[in-house]
Amino acid sequence: MLKLGVIGTGWITKQFVAAARATNAFELTAVYSRHEESAQSFIDQTAPATAYTKMDDFLGSDVDVVYIASPNSLHASQALAALDADKHVIVEKPLVATAMEFEKLDEALRKKPQLYLFEAARHVYEHNFQVVNDFTHRQQIDGATLTYMKYSSKYDAFLAGKLPNVFNPEFAGGALMDLGIYLVYDAVAWFGVPDNAVYLPHFLKSGVDGDGVARLDYGDFSVTLITGKTTNSSLPSEIYSGRQTLTMDNAAELETIKLDDQVLSTEKLANPMEAEAAYFAKAITGQDRNAFDKAWQLAKEVHQVMSILRTSANLDF
Ligand SMILES: NC(=O)c1ccc[n+]([C@@H]2O[C@H](COP(=O)([O-])OP(=O)(O)OC[C@H]3O[C@@H](n4cnc5c(N)ncnc54)[C@H](OP(=O)(O)O)[C@@H]3O)[C@@H](O)[C@H]2O)c1
């Protein structure tokens with residue numbers, strides 16, 4: 001059983017802990033929060049564990065794996081500290097806010113090859129992601145339009161004059177970093193690293209992108225990504241192959257995959273984080289270097305593209 005410690009006590013951490021426990025491979029043993037009451041309340045709502053408010057004490061405990069779901073700009077430094085303390089790490093998307101941060105993590109992992117670090121890009125581990133992957137690697141591709149736009153639960157607060165972390169440039173917030181990264185994962189996994197990429201954002205007054213469109217150029221075809229946190233879109237996503245079109249109801253929540261009128265696959269997940277939790281547990285427990293290398297190589301390519309997109313839009317964190 002892997003001893004799991006968590007950083008950040010929001011709803012997503014609760015969902016991950018539930019997914020991790022459902023694999024029967026993890027037990028929650030440590031919870032870090034800046035506030036004792038938040039850590040204790042998290043424990044009361046999830047599973048028995050020790051509460052920590054000092055990071056050194058938390059990282060000095062006997063946890064095997066640290067899951068990080070703090071604001072984006074803290075991910076890399078907290079992951080580096082966890083690796084330094086000889087822990088495996090699972091970091092919420094986006095793993096990093098800059099290319100330099102990715103370099104530092106890559107270097108730290110090279111020095112400790114016994115440790116694994118995964119970016120929790122949850123949909124990549126779902127069955128339907130693989131269904132699309134099989135299609136794109138079998139068929140000629142002529143283009144794609146991928147959409148993920150959701151009205152943020154924090155946007156009303158932003159409109160009322162508050163500055164939630166997800167809309168704050170200091171915490172590396174914004175649509176591309178929060179939801180756009182799912183689409184970048186899609187594009188890189190399904191079509192590879194593009195020759196060129198540009199991002200045209202619409203900036204909010206805080207300085208982050210509220211929504212935007214990215215164009216990824218693959219030479220023979222191009223892929224359009226549409227993302228945003230200030231409106232809801234129910235547009236399906238599409239991949240074009242000659243006369244045929246593969247359709248997804250949502251490019252990041254892949255419930256139904258259709259090829260023209262034929263349903264190829266449909267699945268409704270009670271907890272969409274279970275597939276990733278199972279993958280991470282298997283890789284760590286089995287010391288499966290190939291499973292780690294595959295995920296890390298994909299993360300590396302995704303963050304190369306993320307960096308190009310940010311640079312093209314002068315989105316520097
Ligand atoms: N995979 C998914 O489906 C999914 C869904 C939602 C979010 N996420 C990712 O999860 C991460 C957290 O998202 P969130 O919306 O929960 O973020 P958040 O509410 O801004 O912060 C998450 C946690 O970090 C701690 N925190 C908040 N502000 C902080 C600060 N100024 N300094 C240090 N710690 C701070 C808080 O824990 P304490 O008060 O206990 O310290 C809080 O519970 C993000 O990276 C996001 O992209 C992923």
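This is a predicted model: local features need pLDDT of at least 70, side-chain atom pairs count only at pLDDT 80 or more; totals for chains, interfaces and linings use all residues.

Tutor: Residues are numbered from 1 along each chain as its sequence is written, and side-chain values use heavy atoms, with hydrogens and water left out.

Student: In which pocket does the ligand sit?
Tutor: On a 1 Å grid over the protein atoms alone, a pocket is an open set of points with protein on both sides within 12 Å along at least five of seven lines. A molecule sits in a pocket if more than half of its atoms lie within 2 Å of its grid points. By that rule, the ligand sits in the largest pocket.

Student: How many residues surround the ligand, and which are the closest?
Tutor: A residue is near a molecule if one of its heavy atoms lies within 4 Å of it. Helices α1 (11-22) and α8 (175-191) each supply at least two residues of this shell, a helix being a DSSP run of H or I with at least four residues, numbered from the N terminus. The shell has 22 residues, and the closest are Thr9, Ser33, Asn72, Lys93 and Asn165.

Student: At what distance does a polar side-chain atom of Thr9 lie from an oxygen atom of the ligand?
Tutor: A polar contact is a pair of N or O atoms within 3.5 Å; within protein, one must be able to donate a hydrogen and the other to accept it, and residues adjacent in sequence count only if both atoms are side-chain atoms. A side-chain N or O atom of Tyr182 is 3.2 Å from a ligand oxygen, and a backbone N or O atom of Ser70 is 3.4 Å from a ligand oxygen. For the polar side-chain atom of Thr9, the distance to a ligand oxygen is 2.5 Å.

Student: What share of the area that the ligand exposes when taken alone does the protein bury?
Tutor: Accessible areas come from the Shrake-Rupley method with a 1.4 Å probe. Taken alone, the ligand exposes 890 Å². The share of this area that the protein buries is 80%.

Student: Is Thr136 buried or exposed?
Tutor: Thr136 is found in helix α6 (residues 127-138). Buried means under 20% relative accessible area, exposed over 50%, and partly exposed in between (1.4 Å probe, protein chains only). Because its relative accessible area is 6%, Thr136 is buried.

Student: Which backbone oxygens lie 3.1 Å from the side chain of Thr136?
Tutor: Thr136 touches Ile141, Trp190, Phe191 and Ile239, not counting residues up to four places away in sequence; contact means heavy atoms within 4.5 Å. Its side chain reaches one backbone oxygen at 3.1 Å in Asn133. A polar atom of that side chain also lies 3.1 Å from the backbone oxygen of Trp190.

Student: What is the relative accessible area of Leu105?
Tutor: Leu105 belongs to helix α5 (residues 99-111). Beyond four places in sequence, its contacts include Ala76, Leu95, Leu117 and Trp296. Leu105 is buried, and its relative accessible area is 0%.

Student: Is Ala172, with its positive phi, buried or exposed?
Tutor: Most residues other than glycine have a negative phi. Ala172 has a positive phi of about 55° and is found in the loop between α7 (155-159) and α8. Since its relative accessible area is 1%, Ala172 is buried.

Student: What is the relative accessible area of Asp86?
Tutor: Asp86 also has a positive phi, near 65°. Its place is the loop between α4 (75-84) and β5. Asp86 is partly exposed, and its relative accessible area is 44%.

Student: With which side chain does the side chain of Thr224 make a polar contact?
Tutor: Thr224 is found in strand β10 (residues 222-228), a strand being a DSSP run of E with at least two residues. Thr224 is buried, with a relative accessible area of 13%. At 2.5 Å, its side chain makes a polar contact with the side chain of Arg215.

Definitions and conventions
On a 1 Å grid over the protein atoms alone, a cavity is a set of points where a 1.4 Å probe fits but cannot get out, and a pocket is an open set with protein on both sides within 12 Å along at least five of seven lines; lining residues have an atom within 4 Å of a point.
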